[in-house]
Amino acid sequence: MRKASVAMRASRLPFETTAQADLREGFVGQERALRALEDGRGLGAPGYNVFVCGLCGTSRGGTIARMIEELKPGREESQDRCYVNNFKITDRPRLIPLPRGHANGFKKDMQAGIDFLRRRIPQVFEGEPFQRQKGRIVERFTAREKDLMDDFTRRIARDQFALGHMQVGAVALPEIFPVLEGQMVPIEDISKMVHEGKLDSPVAEEIERKYEQFRQEFTVVYRKTLTLSRELASELSYLEQEAASVLVDGVIEE
């Protein structure tokens, strides 16, 4: 009975021997295994593995090798990625993608460029053309500041006052002094001179009134000189940037 059943099934085959059979492509009955291998192949991080088990003699190794060959991904070659400083937003560095293997060369070129600029930029600042331009700028602002102070000094001199300096610790601060008998007198000494009979009270009161007036005017003048100092610093900074940018642009372009 068993032999008859086998013979009946064999008679349904479209060939007499397996040598006459066509080779079947792909895998039969391995859908789940194929999906598992696809999932395993998609995990590109290190430390992940695919574990294969099955009965002995089922040609697991050959079957898996063929499966992996069919599933072999056509991935693009990964790029090098370089993070560089973002000068506008310092906590968000900029990413520069480069062809694979070019990152180290880029790093070396950047370091060589920086070393070159560290040597050359100070030489530019010390050179005669830069110093000549810097001198003209400083001279222009110094003249403007002098005009402000000279105008104020002339105005208070008409009322017997002078502009000098008072030592406060290690710092000499500008101060206005009444001028009495050709000598600059600290305003604190005026009341003392009244008590000693060296100065009349009405005169002392007028001196103190004018002193307060001139102090307020000098505050305005002094603020203008501070504004000039900031403008000078800004213009010198711009001059330095312009002088250095010629070198920097050349290095970056190269």
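Residues are numbered from 1 along each chain as its sequence is written. In this predicted model, local features need pLDDT of at least 70 and side-chain atom pairs count only at pLDDT 80 or more, while totals for chains, interfaces and linings use all residues.

**Stop 1: the pocket**

Select Val84, Phe106, Met110, Ile114 and Ile252, which lie nearest the centre of the largest pocket among its 22 lining residues. (On a 1 Å grid over the protein atoms alone, a pocket is an open set of points where a 1.4 Å probe fits, with protein on both sides within 12 Å along at least five of seven lines; lining residues have an atom within 4 Å of a point.) Next, select α4, which gives the most to this lining, with eight residues. (Helices are DSSP runs of H or I, at least four residues, numbered from the N terminus.)

**Stop 2: helix α5**

Select Asp150 and Lys146, which form a salt bridge with their closest N and O atoms 2.7 Å apart. (A salt bridge is a side-chain nitrogen of Lys or Arg within 4 Å of a carboxyl oxygen of Asp or Glu.) Both residues lie in α5 (residues 128–157), four residues apart, about one turn of the helix.

**Stop 3: helix α7**

Select Lys210 and Glu206, whose salt bridge has its closest N and O atoms 3.8 Å apart. Because they are four residues apart in α7, about one helical turn separates Lys210 and Glu206.

Methods. Heavy atoms only, no water. Helix = DSSP H or I, 4+ residues; strand = E, 2+ residues; numbered from the N terminus.
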